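Biologist: Hi! Could you walk me through this structure?
Modeller: Happy to, here it is.

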Amino acid sequence: MTHKSKYDVDALRKKLTEQGSRKSDPDEFRPDKPKDVSTEIKYRFYILPPVCQNDKVKGGALAAKGMELYAIPNGAHWVNQKPHACPRVINNEDCIMCNMGFDLFKLHESKEKRTKIRQQWMPNEQWLVNIFFTGWKSNPETLRGKVMWYALPKTVYDLCSATIHRQDGGDEEDPQAFGVFFDEFNAFPLELVVHLNGGQVSYQKTRFLPTAQPIVKKADSTEPDEELIQKVLDNRHYLYGKVDEPNLARLKQVYDTLVDGDDDQSGDAGFTSDESKNEKKEEKPKEEKPKAEDKPKLESRGTASAKNPNKSDKLKNNERVTSGDDDDVASLLSQGETPVKSEKSEKPNTAAASKPSTAESEDEDSTDLANIMAQLSGDDD
Ligand SMILES: [Zn+2]
């Protein structure tokens, strides 16, 4: 005798598949992780110039909004393994979580304490760029000649900033990249070096190669191939479409959960969705008590939490996601998606989301890029 369930298993499977596939974007570059401390993984690519408004982007759409810099900021507060887009980093707006962090920074001088505050209250920050892989033989074959987007970790972003600020190319013995490293006719290739340092993924050895060159050259020449360069640029990704839109109401809920705790009756008001309730369960205090110094601040912000000293125990849960500047933010971000993200990816108002069915044009693109790849081979040592 078979029991006919009222639950639709096919719909369930479909949903699961969708959720699973949404987690990885085939256009996003994620460097491999070294398997041991003696392994260094290297890639070479160019960071591409900023997309301007109405520039063609991958999929053939026109960019709705131009970039001010070669990179756009992205940031998320991680609470219980879930990212919550930060309005300060993304939109330069007030952020309730960051404000708490900044207030606590004012109160605490010790490095240890500040590290903890950063881990608990500050977002992971990354900078999204378009990149173009050179034909360098050590690049994986599948990447050569490809345009992808990449979330630069802080270490690499800082290197880029320092390079822009550098006034000259150094001396002959130690030449250095400097200035606008992303000029497609005169660009410095970036060599991304991934290694392990104290168990953490590190990018400290990353550097720009010191010789600027066109990102695609004509065969047997040092002259730029303008046509192919334009093709590369037309394949840049619309990066604003890759960033979550901050959800202020949701962020406030998360903040309240952290500050007020689940056993505070007044704190129940904001929690109506099942998801919030589940989160509260996961957040049950189970580790050591917080340091007493935090409490006066919580009190002074009128958050009604000081009466329960166990409240911030749950903050421990998110420590793992902000362990240092060399955090592999991309892989952290891959561990979960906010509901906002799913909505966003279905919105038709961004170039990335509105791209038409592109199977055909993508094939065409990859043919072109294979062409580029052939011309690039042997480009650099
Ligand atoms: Zn924030």
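Biologist: Which residues have the most contacts inside the largest nonpolar core?
Modeller: They are Y46, I47, V129, I131 and F132, in a core of 65 residues. A nonpolar core is a set of buried Ala, Val, Leu, Ile, Met, Phe, Trp, Tyr and Cys residues joined through C-beta atoms within 7 Å. This is a predicted model, where local features need pLDDT of at least 70 and side-chain atom pairs count only at pLDDT 80 or more, while totals for chains, interfaces and linings use all residues. Residues are numbered from 1 along each chain as its sequence is written.

Biologist: And what does Y46 touch?
Modeller: Leaving out residues up to four places away in sequence, Y46 touches I131, F132, T134, A187, P189, L190 and I215. Touching here is being in contact: the C-beta atoms, placed from the backbone, lie within 7 Å.

Biologist: Why does V232 count as buried?
Modeller: Because V232 has 23 C-beta neighbours inside 10 Å. A residue is buried if 20 or more other C-beta atoms lie within 10 Å of its own, exposed if 12 or fewer, and partly exposed in between, with C-beta atoms placed from the backbone.

Biologist: Is I229 buried or partly exposed?
Modeller: I229 is partly exposed, because it has 19 other C-beta atoms within 10 Å. I229 is found in helix α6, residues 226–234. Beyond its neighbours within four places in sequence, I229 is in contact with E184, P214, I215, V216 and P224. The C-alpha atoms of I229 and I215 are separated by 6.9 Å.

Biologist: New topic: how many helices and strands does the chain have?
Modeller: There are twelve helices and eight strands. Helices (H or I, at least four residues) and strands (E, at least two) are DSSP runs, numbered from the N terminus. Of the 381 residues in the chain, 36% are buried.

Biologist: What about pLDDT, which element has the lowest mean?
Modeller: Helix α10 (residues 329–333) has the lowest, at 33, and strand β1 (residues 41–47) the highest, at 98. The pLDDT is the predictor's confidence in each residue, from 0 to 100. Over residues 263–367 the pLDDT is below 50, and this stretch has 157 contacts in the model beyond near neighbours in sequence. The chain averages 75, with 65% of the residues scoring at least 70.

Notes
Contact = placed C-beta atoms within 7 Å.
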